[in-house]
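Dear colleague,

I am passing on the structure we talked about, together with some notes on what was found in it. Please open it beside this email and follow along as you read.

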Amino acid sequence: MPSKAATVALTALAPISWGSTYFVTTEFLPADRPLFTGLMRALPAGLLLLALTRKLPRGAWWGKALVLGALNIGAFFPLLFLAAYRLPGGVAAVVGSVGPLFVVGLAALLLGDKPTLKSLLAAIGAAFGVSLVVLKAGAAFDTVGVLAGLLSALSMSAGTVFTKRWGRPEGVGALTLTGWQLTAGGLLIAPLAFLIEGAPPALTGTHLAGYAYLAFGNTAISYFLWFRGIGRLSASSVTLLGPLSPITAAVIGWAALGQALGPVQIAGMLIAFGATLVGQLSPRATGTTGTPRAPQTPSTPTGPDAAPNGPTGAKGVRNTAGDTEGARERAGEETFGRTERNAREVSMDPEVSAVRR
């Protein structure tokens with residue numbers, strides 16, 4: 001079982017990767033196709049993971065996978081892009097940075113995870129730091145854009161908390177759960193994309209390369225690491241890694257697009273990064289993994305401990321899961337683990353940032 005520090009570091013690669021989406025979108029993808037881009041990010045990645053794991057939901061998990069896919073992908077992507085297109089990137093990033101505060105409140109309501117002063121201050125500090133990095137004087141506010149940004153942050157926050165609350169069914173690992181959610185979210189986005197934006201645009205080799213990066217490195221691998229982290233860390237700890245996304249977007253904008261990065265922005269980065277570190281130090285209730293265990297039912301055990309790659313079984317005994325499906329699941333996660341290591345140097349979405357300057 002990896003240490004908490006290793007788990008945090010791997011989970012942090014997800015928001016770091018999402019910070020590269022604005023650069024990829026503006027430099028490699030066709031313009032003004034946010035829903036089609038969301039579809040191309042989610043559905044191919046989800047279908048690939050389904051093909052690797054070859055396991056579908058059963059029973060109540062059909063409904064749970066649909067809810068999680070809608071919250072984390074299907075509703076989040078369209079709302080995110082709507083905010084990004086109606087607001088300056090800095091405003092969109094600041095509106096989205098309230099996500100950790102939403103998670104703190106929802107975790108207290110749905111998980112019984114009592115917020116601490118440290119977690120609240122870390123969430124507020126992260127939002128303040130992000131505002132220094134990306135918010136410019138005279139930034140315009142659009143009511144619909146602000147509402148979309150808040151709803152996108154609330155959607156992802158609710159998805160994070162429900163992912164923690166429901167855990168995973170027995171014999172299912174993070175790779176399979178990621179595939180379910182991406183596929184469900186992509187199928188929800190598809191009709192919206194075709195109804196609102198029409199037929200897909202003509203794609204060049206550059207477009208295809210950009211979509212391939214978004215689908216596999218930026219989405220399949222990143223969301224696998226994100227949901228894996230949710231299973232092993234507290235919901236508040238995971239969501240306080242989110243400010244790494246706008247920080248990364250700002251650094252890429254400075255390095256690749258020649259955007260200014262002055263003392264105020266650097267100070268904001270340090271504040272947001274410090275808040276992220278503080279969020280990882282918040283005291284939590286401990287179990288065998290040092291994190292709260294997701295609720296389980298006698299008939300269908302759930303939670304990170306029920307997964308074949310989780311640390312222990314229900315009674316503290318390691319779950320070997322030697323059946324064929326479990327072996328396939330482990331093989332799939334090993335494949336993506338190797339892919340993630342190979343891609344780490346280039347793995348950097350303005351997810352709630354979209355730093356449009």
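Please keep in mind that this is a predicted model. A straight helix of 14 residues would span 20 Å at 1.5 Å a residue, whereas helix 4, which runs over residues 61-74, spans only 17 Å between its end C-alpha atoms. Within helix 4, the buried residues are Trp61, Ala65, Leu68, Gly69, Leu71, Asn72, Ile73 and Gly74, and what covers them includes helix 3 (34-53), helix 5 (76-86), helix 9 (143-166), helix 10 and helix 11.

The last two of these helices also pack against each other. Two packed helices are described by the angle between their axes and the distance between the axes. For helix 10 (residues 174-197) and helix 11 (residues 205-232), the angle is about 120° and the axes lie 9 Å apart, which makes helix 10 oblique to helix 11. The crossing of helix 10 past helix 11 is right-handed. On the side of helix 10, the contact is made by Ala174, Leu175, Thr178, Gln181 and Leu182, which meet Thr219, Ala220, Tyr223, Phe224, Phe227 and Arg228 of helix 11; these residues divide into seven nonpolar, three polar and one charged.

Is threonine 178 buried or exposed? Its relative accessibility is 0%, and therefore threonine 178 counts as buried, the cut-off for that being under 20%. Apart from its neighbours within four places in sequence, threonine 178 is in contact with Leu49, Ala220, Tyr223, Phe224 and Phe227.

Best wishes

Definitions and conventions
Residues numbered from 1 in each chain as written. Predicted model: local features only at pLDDT ≥ 70, side-chain atom pairs only at ≥ 80, totals over all residues. Heavy atoms only, no water. Axes fitted to C-alpha atoms, helices over the stretch in contact; angles between N-to-C directions. Helix = DSSP H or I, 4+ residues; strand = E, 2+ residues; numbered from the N terminus. Parallel < 35°, antiparallel > 145°, perpendicular 65-115°, else oblique. Left-handed = near helix turned anticlockwise from the far one by under 90°. Contact = heavy atoms within 4.5 Å. Nonpolar A, V, L, I, M, F, W, Y, C, P; charged D, E, K, R; others polar. Buried < 20%, exposed > 50% of the residue type's maximum accessible area, 1.4 Å probe, protein only. Expected span 1.5 Å × (residues − 1).
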